[in-house]
Amino acid sequence: MKKSQIVVIKGTKEGISLHLDDLCSFEELLKELDEKLSESSISADDRSLISVTIKLGNRYLTPKQEEVLKEIIRQKKNLAVGSIVSNVITKEESDRLKAETEIVSVAKVVRSGQVLEVAGDLLLIGDVNPGGTVKAGGNIFIMGALKGIAHAGYNGNDEAIIAASVMKPTQLRINECINRAPDYYPDSEKREMECAYINASDQIMIDRIQVLSQLRPNLTRLEGGR
């Protein structure tokens, strides 16, 4: 039976990719990688750097092992590691991703001087009083009156939205985009639930909540998206 290759070198538009076996020992991997790169004729006379993408499959490397791997590649003249791709993540990374994608439900009134912050989406059942602040890495849904500050998508998410039963904020912020509230709100006995989002002109717009089914179709997994 033919022995499978531990290291497979493939050329790409960006440079080269190294597909590394994820079942052999790390020592075997390093030995064959060193041999393959030494034998390879990868533009040896070209002085320009060639970007290398390392594909680990289901192998996890410690930071120290990653550095050893990078050093072997760096020793080969004009090669430079561009990225390392692995199917495996650490528990810490998994917990972070979970926190950034889950919906945190809170039932309270955020009073003046208070700050309520979550890593993912926030569902607040209560009001945000003037001087109060709510922040979320994802979306903000307020089943109550927003009269303070709301900052959604603070981790770089331009697609985040802010929704409230009563939208009378002192300030809205989505990622780095800021919108000050108007000085005057028309009196109305009954107002529709509204939402704020960044439009194509990179400005925060406020509209009826119904527009989200077209603007952010991936916001919900409900059947039909409406």
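Two strands count as paired if DSSP finds at least two bridges between them, and strands (E, at least two residues) and helices (H or I, at least four) are DSSP runs, numbered from the N terminus. The model looked at here is predicted, so local features need pLDDT of at least 70 and side-chain atom pairs count only at pLDDT 80 or more, while totals for chains, interfaces and linings use all residues. Residues are numbered from 1 along each chain as its sequence is written, and side-chain values use heavy atoms, with hydrogens and water left out.

Of its 226 residues, 35% are buried (under 20% relative accessible area, with exposed meaning over 50% and partly exposed in between; 1.4 Å probe, protein chains only). As for contacts (heavy atoms within 4.5 Å), take those with a separation of 6 or more: 36% of them come from residues 24 or more positions apart.

Ala150 has Leu172 in E12 as its bridge partner.

Another open sheet, also with mixed pairing, has 6 strands in the order E5-E7-E9-E11-E14-E15. Strand E5 (103–107) and strand E15 (204–208) sit at the edges with a single partner strand each, so one side of each has no neighbour in the sheet. From one strand to the next, the twist averages 25°.

Strand E14 (residues 194–198) is worth a stop along the way. It pairs with strand E11 (residues 162–167) in the antiparallel sense over 3 bridges; Ala163 is bridged to Cys195 of E14, and Ile162 stands opposite Ala196. E14 and E15 also run antiparallel, this time joined by 5 bridges, with Ile198 opposite Ile204 in E15. The hairpin of E14 and E15 has 5 residues between the strands, and Asp202 takes a positive phi near 60° there. As for cover, 5 of the 5 residues of E14 are buried: Glu194, Ala196 and Ile198 on one side, Cys195 and Tyr197 on the other.

Asn139 lies in the loop between strand E8 (133–136) and strand E9 (140–146). Asn139 is buried, at a relative accessible area of 8%. Neighbours within four places in sequence aside, its contacts are Gly120, Asp121, Leu122, Glu159, Ala160, Ile161 and Leu219.

On the helical side, helix H1 (residues 26–39) packs against helix H2 (residues 63–74) at an angle of about 15°, with the axes 10 Å apart. H1 and H2 are therefore roughly parallel (under 35 degrees; over 145 is roughly antiparallel, 65 to 115 roughly perpendicular and the rest oblique). H1 contributes Phe26, Leu30, Leu33, Asp34 and Leu37 to the contact, and H2 contributes Gln65, Val68, Leu69, Ile72 and Ile73. By type, these residues split into 8 nonpolar, 1 polar and 1 charged (Ala, Val, Leu, Ile, Met, Phe, Trp, Tyr, Cys and Pro count as nonpolar, Asp, Glu, Lys and Arg as charged, and the others, Gly among them, as polar).

Key:
Axes are lines fitted to C-alpha atoms, for helices over the stretch in contact, and angles run from 0 to 180 degrees between N-to-C directions.
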